[in-house]
Amino acid sequence: MRQFSRRHALGLFAAGTAAALAGPAPLAGARPAPPATVPSLGPDFLWGVASAGFQCEGHAPDSNWTRYIASHPDYDRYQDAVDFYTRYASDIGLAAGLGVGVYRISVEWARVQPRPGSWSEEGFAFYDSVLDAMAARGIRPMLSLDHWVYPGWAAERGGWGHPAMLDDWLTNARKVVDRYASRDPLWVTFNEPTFYVLNETSNGGLSPAAIPAMQQRLVQAHNTIYDHIHAAQPGAMVTSNVAYIAGVTEPLINGRIVDPISEKLDYLGIDYYYGYTPQSILANPPTNIKELWKNPLQPEGIYYALDYYARRFPGMPLYIVENGMPTQNGAPRADGYTRADDLRDTVYWIQRAAADGMNVMGYNYWSITDNYEWGSYTPRFGLYTVDVRTDPALTRRPTDAVAAYSTLTRAGGVPGDYRPTRGPVACSLVDTPGSCTDPVTVPQ
């Protein structure tokens, strides 16, 4: 997930709304009529859960993010997050109980290379054990090489603003790939690269003047490690996942990085969370991104996001790498939407997308447990909720979505005659103009 300054958030949303109202190229034709029944996603569909190293592991080594927290008194203290570091076996067991076949983690550079030129066998042994536990449960890893965290020594050199960062990053990435390619993971090079750049800027790790240099280095790093991954793991599947922003055409925001790496993507990872309407923007402008639980959920928006990228990259496999629902400290949402209903409604629209010919290969729920949400423990996304601030035992408490997800993975989706608990809006800003002029509907 993401955290960035209000100034950046407002700038992005203003740009996105302008792009939405102007609109990309019209759709080639009318949408297919809503089917009376939706087919299951089939036995080859990949059901998964997602997490990230720093956000979940705890016992954190020195990194850019431990330093950001220390320099921001308004951020929640990190403590040990949900302590995946010592509880990984039980968390992987919870994932297995859900019936998923994919578990996304990140291999933290700061943990495996605590000093320049010095590798931590203890750090690698931890990830060895995590992947052993996944293999024992029949779960395939999805490995992120960079989920916004790098070693403190790299931060001291200037992070992504320093010319040596590219070579330093590639040295670590090659080491990780060579060690784990035999595990046949799915790969994510950079998590949400556009928001990585914004977070580095807003937290002081990157000067605004260095933004173009960081973007260029991320592109070079992805394209270079892509070739290394394929040499080490023939048939590998590699992506850099995109944070989908409602109302924004890809070339405006994500295209600056996605376009230059498009020839070296085996699948496109999409992170989708929120959707907006003209009415919701007027009633509740998205000015406070520290209150994520107030953002409007729009499950049918995942259909529009998939459709957008299916048109942008015809034939490319699409994977929902992150999707989930925030609550405030685990309390019920003010809109009354439950985690289970939101999950089922979302999966219905993924099934609709697949039925309409989109090449959807998988779905990860973010996240299996609550996590450190880049400065705060207040937004809760977990299938299992964990109260880090008040529960020293870090108890994993199942939400209503645990039973719902277990049923979905075993059935291949919602029943054919399922109808969403919340119908689609008449004018969504997720992929205009088509999401307003030709909105999706459900059978009556």
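Modeller: A salt bridge is a side-chain nitrogen of Lys or Arg within 4 Å of a carboxyl oxygen of Asp or Glu. The model here is predicted.

Biologist: How many salt bridges does the structure hold?
Modeller: Side chains of opposite charge can pair when their charged atoms come close. One network of such bridges links Arg31, Asp307, Arg311 and Asp431. For the structure, the count of salt bridges is 23.

Biologist: How many residues apart are Glu156 and Arg67?
Modeller: Their side chains meet in a salt bridge, N to O at 2.9 Å. Glu156 sits in helix H7 (residues 152-156) and Arg67 in helix H3 (residues 64-71). The pair links distant parts of the chain, and the separation is 89 residues.

Biologist: Is Glu156 buried or exposed?
Modeller: The cut-off for exposed is over 50% relative accessible area. Glu156 has 60% relative accessibility, so Glu156 counts as exposed.

Biologist: Is Asp83 buried or exposed?
Modeller: Asp83 forms a salt bridge with Arg87, with the closest N and O atoms 3.3 Å apart. Arg87 counts as partly exposed, at 25% relative accessibility. Buried means under 20%. Asp83 has a relative accessible area of 8%, so Asp83 is buried.

Biologist: What is the N to O distance in the salt bridge of Asp391 and Arg397?
Modeller: Asp391 counts as buried at 12% relative accessibility. Arg397 is partly exposed, with a relative accessible area of 41%. Their side chains meet, N to O, at 3.5 Å.

Biologist: Which residues touch the most other members of the largest nonpolar core?
Modeller: That core has 136 residues. Apart from it lies another core of eight residues, among them Val102, Met142, Val321 and Met361. In the largest core, the residues touching the most other members are Tyr103, Trp160, Trp169, Trp187 and Tyr405.

Biologist: What span does helix H8 reach from its first C-alpha to its last?
Modeller: H8 covers residues 165-180, which is 16 residues. Its buried residues include Met165, Trp169, Val176 and Tyr180. They pack against several elements, including helix H6 (121-136), strand S3 (140-146) and helix H10 (211-232). At 1.5 Å a residue the expected span is 22 Å, and H8 comes close to that, reaching 22 Å.

Biologist: Which residue is joined to Pro433 by a cis peptide bond?
Modeller: Most residues other than glycine have a negative phi, and most peptide bonds are trans. Pro433 is found in the loop between helix H15 (400-411) and helix H16 (434-437). Omega of the cis bond is about 5 degrees, and the residue joined to Pro433 is Thr432.

Biologist: What is the phi of Asp184?
Modeller: Asp184 lies in the loop between H8 and S4. At 40% relative accessibility, Asp184 counts as partly exposed. Asp184 is not a glycine, yet its phi is positive, at about 55 degrees.

Biologist: What is the mean pLDDT of the protein chain?
Modeller: pLDDT stays under 50 over residues 1-11. It also stays under 50 over residues 20-28. In the chain, 91% of residues reach 70 or more, and the mean pLDDT is 92.

Terms used:
Residues numbered from 1 in each chain as written. Predicted model: local features only at pLDDT ≥ 70, side-chain atom pairs only at ≥ 80, totals over all residues. Heavy atoms only, no water. Helix = DSSP H or I, 4+ residues; strand = E, 2+ residues; numbered from the N terminus. Buried < 20%, exposed > 50% of the residue type's maximum accessible area, 1.4 Å probe, protein only. Core = buried A, V, L, I, M, F, W, Y, C linked by side-chain atoms within 4.5 Å. pLDDT = per-residue confidence, 0-100. Contact = heavy atoms within 4.5 Å. Expected span 1.5 Å × (residues − 1).
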